[in-house]
Amino acid sequence: MSTSTAPSRLRLLPMRPRDPGEDGRVASTLELFFDLVFVVAVSVASVQLHHQLTEDHVVDGLVSYAMVFFAIWWAWMNFTWFATSFAVDDWLYRVLTFVQMAGVLVLAAGIQPVFEDDDLRLVIVGYVIMRVAMVAQWLRAARADETTRRTCLTYAAGISLVQVLWIAVLVLPGAAVPVAFVVLLLAELAVPVVAERRETTPWHPHHVTERYALFTLILLGESLLGSANAVLEALHDDTALVPLLSVALLAFVTTAALWWIYFWPPHHRAITSLASSLRYGYVHYVVFAAAGALSAGIEVEIDVLTDHSELTDVAAAFTVTVPVALFVLGIWWITLRDNADAVVNTVVPVGALLVLLDPVLPIPFALTSVVLALVVAVLVVRPPTTPAHG
């Protein structure tokens with residue numbers, strides 16, 4: 001083994017930049033294990049959003065959900081892009097990844113206090129744990145490779161500074177916390193923009209888009225759980241048997257259609273430059289958050305049918321149609337429109353807007369399922385095109 005790739009005396013591998021054209025690059029078992037803890041955090045956030053919505057605390061619930069989901073999404077995304085650039089398989093990399101996973105679990109434990117008491121303390125603690133471990137990863141990468149050292153150190157410094165400010169939020173008066181949250185959110189988003197401005201880290205298009213696809217499957221799985229819950233409720237409620245089974249069927253059709261729409265375009269074509277990578281990564285917040293909120297909306301529909309919700313039928317329907325529309329429009333904007341002809345680029349956004357008409361009908365989100373099925377039918381007969389710049 002050459003000295004450039006030999007492990008150190010501590011059996012650590014040099015954290016060199018990965019080859020963006022590496023053959024057969026797929027998600028590692030560690031990355032899949034990492035995603036499992038996010039299943040917990042997403043599930044808790046979805047459950048808490050469901051409770052807030054069904055109790056007619058819509059604005060408070062959505063604000064809390066948006067804040068919590070940012071922490072979940074941003075920590076996941078930062079690890080994902082780092083791993084596609086620098087991942088190695090030695091004990092230190094694994095341990096630091098486990099530390100980040102522990103931070104996710106701490107964050108998940110703090111989600112309920114955010115929704116119920118506007119208490120961000122435990123979420124911030126869990127988030128900082130994740131981000132400090134990420135700083136250690138960037139410092140290690142900086143030490144190992146001179147060509148990307150400036151970029152890695154900029155990441156480490158930027159993340160560290162923002163984490164100090166997050167800790168300072170813990171002592172702010174309650175009225176100042178929302179403003180501070182927005183400011184620090186923007187600061188977090190700015191770190192990659194500043195760090196990658198002069199020298200970009202390498203990314204593997206197929207690997208990184210596979211990671212996004214796997215996380216999307218996790219989120220859509222939450223919606224399938226909502227469909228299953230509707231069936232379970234139907235078995236115990238004869239008075240609402242048919243409506244609940246209808247919800248279960250329509251939830252499944254809707255989720256399957258969203259899967260089809262998401263995986264129709266070749267996602268790896270969407271990250272060919274820094275600007276397109278930022279668009280792909282950042283707009284996915286809307287897609288991911290919408291997918292997580294959809295499962296909450298399905299549960300709200302079940303509550304309405306079983307007389308356990310404070311919402312009207314129309315308001316409950318919006319808890320489903322708004323996430324669906326945002327999911328479809330998000331994917332269309334990120335990657336679908338660049339791989340579609342004029343027909344598809346008309347049908348998809350118009351279909352997303354038509355979904356919002358569903359609440360005017362007395363049947364829970366039936367229009368949503370019909371419209372999405374028609375969109376899928378169009379995608380079947382009109383395959384992706386080659387982008388003009390490709």
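This is a predicted model: local features need pLDDT of at least 70, side-chain atom pairs count only at pLDDT 80 or more; totals for chains, interfaces and linings use all residues.
1. The largest pocket has a volume of about 500 Å³, and 25 residues line it, with Met67, Leu120, Val177, Pro178 and Phe181 lying nearest its centre. Four helices, namely α2, α5 (121-144), α7 (177-195) and α10 (274-305), each contribute at least two residues to this lining, and the largest share, eight residues, comes from α2. Sorted by class, the lining of the largest pocket comprises 19 nonpolar, two polar and four charged residues.

2. The largest cavity has a volume of about 250 Å³, and of the 18 residues that line it, Trp81, Tyr155, Pro192, Glu196 and Leu278 are the closest to its centre. The elements that give two or more residues to this lining are α2 and α10, and α2 gives the most, with six residues. In the lining of the largest cavity, 12 residues are nonpolar, five are polar and one is charged.

3. The second largest cavity, with a volume of about 70 Å³, is lined by Met67, Val68, Phe70, Ala71, Leu120, Val123, Ile124, Tyr127, Trp166 and Phe181. Here α2 and α5 each supply at least two residues, while the largest share, four residues, is again that of α2. The lining of this second cavity has 10 nonpolar residues, with no polar and no charged ones.

4. As for charged pairs, nine salt bridges are found in a search of the whole structure. One of them joins the side chains of Glu22 and Arg18, at 3.2 Å from N to O. Glu22 counts as partly exposed because its relative accessibility is 26%, and Arg18 is likewise partly exposed because its relative accessible area is 24%. Another salt bridge brings together the side chains of Asp89 and Arg94, at 2.7 Å from N to O, and Arg94, with a relative accessible area of 40%, is therefore classed as partly exposed.

5. The side chains of Asp341 and Arg382 also meet in a salt bridge, with an N to O distance of 2.7 Å. This pair links distant parts of the chain, 41 residues apart, since Asp341 lies in the loop between α11 (313-336) and α12 (342-355) and Arg382 in the segment after α13 (366-381). Arg382 has a relative accessibility of 32% and so counts as partly exposed. Elsewhere, salt bridges that share partners join Glu31, Asp35 and Arg211 into one network.

6. His50 lies in helix α1 and is classed as buried because its relative accessible area, 11%, falls under the 20% limit. When its neighbours within four places in sequence are left aside, His50 is in contact with Ala296, Glu299, Val300 and Asp303.

7. Glu55 is found in the loop between α1 (29-54) and α2 (58-86), and because its relative accessibility is 41%, Glu55 counts as partly exposed. The C-alpha atom of Glu55 is separated by 8.8 Å from that of His308, although the two residues are 253 residues apart along the chain.

Notes
Residues are numbered from 1 along each chain as its sequence is written. Side-chain values use heavy atoms; hydrogens and water are left out. Buried means under 20% relative accessible area, exposed over 50%, partly exposed in between (1.4 Å probe, protein chains only). On a 1 Å grid over the protein atoms alone, a cavity is a set of points where a 1.4 Å probe fits but cannot get out, and a pocket is an open set with protein on both sides within 12 Å along at least five of seven lines; lining residues have an atom within 4 Å of a point. Grid points are joined across faces, edges and corners, and a volume is the space filled by probe spheres set on the points. Ala, Val, Leu, Ile, Met, Phe, Trp, Tyr, Cys and Pro count as nonpolar, Asp, Glu, Lys and Arg as charged, and the others, Gly among them, as polar. A salt bridge is a side-chain nitrogen of Lys or Arg within 4 Å of a carboxyl oxygen of Asp or Glu. Contact means heavy atoms within 4.5 Å.
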